[in-house]
Amino acid sequence: MTTQHIGSALDRVVHSKTFARSRSLQDFLTFIVTQSLEPDQNLKEYRIGVDALNRGGAFDPAENSIVRVQAYRLRAKLADYYQHEGQTEDVRIDLEPGSYTPVIRECALITTLRSLRFPGLILDILPFEPMPEASPGTDRKSTRLNSSH
């Protein structure tokens with residue numbers, strides 16, 4: 001997995017609808033991912049508070065839990081993103097509890113399925129949408145067919 005591939009995945013996450021109204025979480029995620037790609041990464045609570053969350057040099061993580069709170073919120077947002085908008089992402093960025101270092105994984109199954117090519121057919125994965133509930137007196141098949149108009 002290349003740095004460019006990771007950067008593209010990060011860009012899709014931070015520009016998603018899920019993160020659209022969360023500028024501080026966009027900044028937090030961008031900071032920890034870009035820093036994790038550096039050889040001399042320093043992903044400590046103080047540095048995240050000062051550099052990613054703009055808390056200034058007087059920031060004291062012992063007195064201010066903003067980094068821990070934002071990390072918790074970021075984990076929840078990432079889970080929401082990958083459950084909905086990012087279902088078909090081939091690169092997944094997670095933040096494990098107790099750590100500020102992101103875990104970046106390549107989703108091998110999705111990558112493999114996307115790479116399958118047959119003459120005249122390109123396989124892609126679409127997000128799953130549950131079928132609507134059937135109205136009384138109809139079956140699920142007719143409901144599904146009627147809802148596609």
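Predicted model: local features only at pLDDT ≥ 70, side-chain atom pairs only at ≥ 80, totals over all residues.
The structure holds 2 aromatic pairs. In one of them, the ring centres of Tyr-81 and Tyr-82 lie 4.9 Å apart and the planes meet at 75°, so this pair is edge-to-face. That label follows because planes over 60 degrees apart count as edge-to-face.

Both tyrosines belong to helix 4, so let us follow that helix next. Helix 4 covers residues 66–83, and its 18 residues should span 26 Å at 1.5 Å a residue; the C-alpha atoms at its ends are 26 Å apart, which agrees with that expectation.

Which residues of helix 4 are buried? Besides Tyr-81 and Tyr-82, they are Ile-66, Val-67, Gln-70, Ala-71, Leu-74, Arg-75 and Leu-78. Viewed down the helix axis, the buried residues of helix 4 fall within an arc of 165°, so they line one face. On the face of helix 4 turned away from the buried side, you will find the exposed residues Tyr-72 and Gln-83.

What do the buried residues of helix 4 pack against? Their partners are helix 1 (3–14), helix 2 (23–36), helix 3 (45–52) and strand 1.

Strand 1 takes us to Asp-94, which sits within its residues 91–95. Is Asp-94 buried or exposed? Its relative accessible area is 12%, so Asp-94 counts as buried, the cut-off being under 20%. The side chain of Asp-94 makes a polar contact with the side chain of Arg-105, at 2.6 Å. Leaving aside residues up to four places away in sequence, Asp-94 touches Leu-78, Pro-102, Val-103 and Arg-105. Leu-78 brings us back to helix 4, where it is one of the buried residues.

Now step back to the whole protein. Its secondary structure comes to 6 helices and 4 strands, running α-α-α-α-β-β-α-β-β-α from the N terminus. Of its 149 residues, 32% count as buried. Among contacts between residues at least 6 apart in sequence, 44% join residues at least 24 apart.

Finally, a word on confidence. The average pLDDT of the protein is 81, and 72% of the residues score at least 70. Over residues 138–149, pLDDT stays under 50, and for this stretch the model has 13 contacts beyond four places in sequence.

Methods
Residues numbered from 1 in each chain as written. Heavy atoms only, no water. pLDDT = per-residue confidence, 0-100. Contact = heavy atoms within 4.5 Å. Helix = DSSP H or I, 4+ residues; strand = E, 2+ residues; numbered from the N terminus. Buried < 20%, exposed > 50% of the residue type's maximum accessible area, 1.4 Å probe, protein only. Polar contact = N/O pair within 3.5 Å; in protein donor to acceptor, adjacent residues only side chain to side chain. Phe/Tyr/Trp six-rings, centres within 6.5 Å; stacked < 30°, edge-to-face > 60°. Expected span 1.5 Å × (residues − 1). Arc of directions from axis to C-beta.
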